[in-house]
Amino acid sequence: MTIALGALVLFSAKADADPKAGKHVVWKDEFKGSGLPDAGKWGYESGFVRNDEAQRYTQKRLENARVQNGELIIEARHENFEDGKYTSAALESTQAWNHGYFEVVAKIPTGKGTWPAIWFLGDGIRKKGAEYIGWPLCGEIDLMENVGYDSDKIHFNIHTQSNSKAPGSVASNHVDIPGASAGWHTYGLDYQAHKLEMYFDGKKVLSYLDDGKGAQGWPFDKPQYIILNLAIGGNWGGQQGIDNSIFPAKFEIKSVKVYQ
């Protein structure tokens with residue numbers, strides 16, 4: 001396959017070595033059955049959460065998050081609901097991890113205004129009292145972000161409190177995939193003790209290393225949890241407006257697996 005990494009184009013006849021080798025599945029959701037997502041595995045964000053986004057995230061509402069035909073469907077809708085004009089869902093794993101290989105098979109939506117993401121936040125951000133660790137000190141790993149007005153670019157990002165990086169680290173990258181929203185793709189994160197590596201369809205696209213300077217540059221010695229969401233508008237996704245003709249917009253996830 002051909003993958004464009006910024007200005008650099010890499011030609012690869014085969015995928016990188018399998019980061020799952022020697023590991024086994026310790027947690028998974030393959031979205032069997034129908035109805036609401038498994039409450040033992042997934043919770044919800046609620047309301048207007050971040051980034052000046054236009055959608056209201058709802059909880060336990062089938063119109064916005066449901067298991068159907070072997071998929072998790074996160075659906076954004078243009079509708080009046082409570083104090084919003086758009087609804088969607090943001091699911092967060094009830095469990096958190098600080099190592100392992102994470103693999104998500106998903107199909108993204110497209111259209112001006114969509115902003116789907118597969119990402120991780122430090123579990124400290126949802127703790128109370130002395131255990132609370134706010135953003136960005138908690139750390140953030142963006143395994144996949146896409147904005148619908150530039151739909152052929154898949155973005156990968158790391159956010160920490162410090163901008164410093166160890167030699168060989170890349171904190172941000174993207175791949176150019178014509179027709180990215182037309183098919184299923186596999187997103188992988190190899191979360192090691194001192195290194196994060198991201199994969200797109202088996203090809204390594206980003207490596208981020210521990211700079212050895214503590215939590216400001218490497219907050220990933222503490223557990224992170226998974227977030228799956230479809231935002232609408234906001235300070236990135238809405239830069240070219242929102243096309244109301246695209247709704248309902250669906251972010252489809254076939255499976256989420258954690259290997260250790």
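In this predicted model, Lys28 and Glu30 are joined by a salt bridge whose closest N and O atoms are 3.5 Å apart. The count of salt bridges comes to 18.

- Lys28 is partly exposed, at 39% relative accessibility.

**Salt bridge between Glu92 and Arg126**

- Glu92 pairs with Arg126 in a salt bridge, with 3.5 Å between the closest N and O atoms.
- Glu92 belongs to strand β9 (residues 90–93), while Arg126 sits in the loop between β11 (114–122) and β12 (140–145); the pair therefore ties together parts that are 34 residues apart in sequence.
- Glu92 counts as buried because its relative accessibility is 14%, and buried means under 20%.
- Arg126, by contrast, is partly exposed, with a relative accessible area of 27%.

- A salt bridge links the side chains of Lys127 and Asp123, at 3.4 Å from N to O.
- Lys127 is partly exposed at 33% relative accessibility, whereas Asp123 is buried with a relative accessible area of 13%.

**Cis peptide bonds**

- The peptide bond from Trp135 to Pro136 is cis, and its omega is near 5 degrees.
- Pro136 is located in the loop between β11 and β12, the loop that also holds Arg126.
- Phe247 and Pro248 are connected by a cis peptide bond with omega of about 0 degrees.
- Pro248 lies in the loop between α1 (234–237) and β19 (249–259).

**Positive phi in residues other than glycine**

- Asp52 has a positive phi, near 55 degrees, although the residue is not glycine.
- The loop between β4 (42–44) and β5 (55–57) contains Asp52.
- Asp52 is exposed because its relative accessible area is 71%, and exposed means over 50%.
- Asp201, also a residue other than glycine, has a positive phi near 50 degrees.
- Asp201 is placed in the loop between β16 (195–200) and β17 (203–209).
- With a relative accessible area of 28%, Asp201 is partly exposed.

Terms used
Residues are numbered from 1 along each chain as its sequence is written. This is a predicted model: local features need pLDDT of at least 70, side-chain atom pairs count only at pLDDT 80 or more; totals for chains, interfaces and linings use all residues. Side-chain values use heavy atoms; hydrogens and water are left out. A salt bridge is a side-chain nitrogen of Lys or Arg within 4 Å of a carboxyl oxygen of Asp or Glu. Buried means under 20% relative accessible area, exposed over 50%, partly exposed in between (1.4 Å probe, protein chains only). Helices (H or I, at least four residues) and strands (E, at least two) are DSSP runs, numbered from the N terminus.
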